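Student: I'm new to this structure, so please pick one part and take me through it slowly. Then link it to the rest as you go.

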Amino acid sequence: MSKVILYFRVVQVSLCSTWRQVRIVYSTCKMSDILAEAVKGAAAHPRPEGIQFAYGTAGFRDKSTILDPVLYRMGLLAALRSKAKKATVAVMITASHNPEPDNGVKLVDPMGEMLEESWEEHATDLANAKDEDIGSALQRIIDAVDIDISLPSDVFVARDTRPSGPPLTQALLDGLKVMGSTFTDFGILTTPQLHYLVRCHNSKGAYGEPTEEGYYKKLAQAFLKLRKDGAKKKYEPVVIIDGANGVGALKTRKLQSHLHESLRITVCNDGSSGKLNEKCGADFVKVQQKPPAGLEIQPGQRCVSFDGDADRVVFFYVNKDGVFNLLDGDKISTLIAGYLGELVSASGLQLNIGVVQTAYANGSSTRYLEDVMKVPVSCAKTGVKHLHHKALEFDVGVYFEANGHGTVLFSDQAEQKIKAASQDDSLESSKREAATRLTLMMDLINQTVGDAISDFLVVETILSTRDWAAEDWNMQYRDLPSRLLKIKVKDRTAVQTTDAERCATAPAGLQEAINKLVAKYQQGRSFVRPSGTEDVVRVFAEADTQANADMLAHEVSVQVYQLAGGVGDQPQPPCAP
Ligand code: 16G
Ligand code: MG
């Protein structure tokens, strides 16, 4: 027996002065009508022939000129995701550290997590469905997940500063409107701000006030309370920020007024003249191992680089001999884990702290954490969702990729214990004080996802408390020299890995070849993995000297080229210095 179900459908959404005031006009319609409208709507967002899209580690990412149909379809999908989760979800339009002509889109789950992995396949299917097959592709998802399509849906939307953002947002909204979804378009935000907002909204304000202003207030209040007064000998509250000519620069300016005089920030690469991510930003600084263009730096001056959507941060300084020193995600996680560890033991609470890294983590950082700090370290596959997942295994899980993306997760139980201790009058005051600082650190940390602005404030807090200059922080351990290369091959999936990407299982013989090469070098280590965002295989190597790291990376590249179907010229050995 066939059923005809009537669904509520939003036919008009008008945004008033604040996003809270959304006027919604409902009408009723049938499921088959919605699917038919989704197909009809695709006429304005036709899918080009011959392109395969894939929802990768960070969503879809490509030349912005071909993404319009993907955005339309992600509007459709986000509405379904919202119905499936019975909550508001979010969609971020960004290509992070990629060049300005690129763009991308990713879905964010209700508590600010990355889209559940099982839905990545649905996203890929829908993005690749022919225009006329969109209805059946949607129906497949509805059936597979068993979605009650009569439920309402609601989606938060934001974008970075790319010029392609507004038209792509329009395509996304077209998809949402066809599905009868309500939405809020926040305009330009950092990726972590959107993650924060959707979590605040779905937790009914328990995580914070669900507005951009609320984000600044929450961070600034915690930061100001954590800042210890008193003269500092080494720590100077002066910092230069490289905003990658992107959204991070704009939002740091907004934050500044909330910080009063506690920190003097100069924002460079603020987008007023330079291009997004061009010769600047966290990725440039990390990969090139040099300062970005557009900064005038005095010796020892603490500098910070954000990436294009401000979810990554690295610090750096140039010493008095003109030598560039990078303080990357590994140094940040070591600093944070060390400080939180001290607070936990000072509070007397029984909480286990762990650090999650990827295979890219500098070997010195792993040894320092395990041997000196006695902190357990887990290794996860590249990609934030993998690290995030592993970090949930600890009461306090600190996770960072070497590239500067990371945060700290406090389990619900840890959060409760910490809050209770901070209010427990029967505790010694030193214990209560440590617990209070931990509660403030929890407020300062954006637990939803790595957040350049929040992480930057966390680092400043710890450096100030310890009265450390950047050089003191850097001295915790010495990085081993490393080299990252990329090799073009016919099909990058020919390279397969296991053990959190540390061991290649295909093509046959590759891992054995790597093992032999690594054995030739003091403190040698190397691994290969197919990139999730580019059509290349990445090769990482580290060794006792830069020349050795370079040579090991080269020799492994040659093996990848020969065994995994390299294209173009065979990799050439590094030039002698
Ligand atoms: C994406 C990931 C980042 C990872 C990078 C690796 C997210 C939000 N971002 O940018 O974490 O380090 O991909 O790129 O997960 P690759 O696979 O090309 O090396
Ligand atoms: Mg980013």
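Predicted model: local features only at pLDDT ≥ 70, side-chain atom pairs only at ≥ 80, totals over all residues.

Tutor: Let's start with aspartate 499, which sits in the loop between β18 (496–498) and β19. Residues are numbered from 1 along each chain as its sequence is written, chains are lettered from A and ligands numbered from 1 in the order written, and side-chain values use heavy atoms, with hydrogens and water left out.

Back to aspartate 499: its phi is positive, about 55°, although it isn't a glycine. With 43% relative accessibility, aspartate 499 is partly exposed (buried is under 20% relative accessible area, exposed over 50%, partly exposed in between, with a 1.4 Å probe and protein chains only).

Follow the chain along and you get to proline 507, in the loop between β19 (503–506) and α17 (510–519). The peptide bond between alanine 506 and proline 507 is cis, with omega at about 0°.

Another positive phi of about 55° turns up at lysine 279, again not a glycine. This lysine is in the loop between β9 (264–268) and α9 (282–288), and lysine 279 is exposed, at 53% relative accessible area.

Now for ligand 1. Glu401, Ser531, Gly532, Thr533 and Arg538 come nearest among the 16 residues around it, where "near" takes a heavy atom within 4 Å. That shell splits into three nonpolar, eight polar and five charged residues. (Ala, Val, Leu, Ile, Met, Phe, Trp, Tyr, Cys and Pro count as nonpolar, Asp, Glu, Lys and Arg as charged, and the others, Gly among them, as polar.) Oxygen atoms of ligand 1 lie 2.4 Å from a polar side-chain atom of threonine 533, 2.5 Å from one of glutamate 401 and 3.0 Å from a side-chain N or O of asparagine 403. On its own, ligand 1 has 460 Å² of accessible area, and the protein covers 93% of that (Shrake-Rupley method, 1.4 Å probe; for residues, only the protein chains shown count as cover).

Then there's the magnesium ion, ligand 2. Ser96 (OG), Asp307 (OD), Asp309 (OD) and Asp311 (OD) coordinate it at 2.0 to 2.1 Å. Donors are N, O and S atoms within 2.8 Å of the metal (3.2 Å for Na, K and Ca), and sites may look incomplete because water is not among the atoms. Serine 96 is in the loop between β4 (89–93) and β5 (102–108), and aspartate 311 in the loop between β10 (303–306) and β11 (313–318), so this pair ties together parts 215 residues apart in sequence. Serine 96 and aspartate 311 are both buried.

Two last stops. Glycine 397 is in strand β15 (residues 396–400) and is buried, at 0% relative accessible area.

Technical notes: Polar contact = N/O pair within 3.5 Å; in protein donor to acceptor, adjacent residues only side chain to side chain. Helix = DSSP H or I, 4+ residues; strand = E, 2+ residues; numbered from the N terminus.
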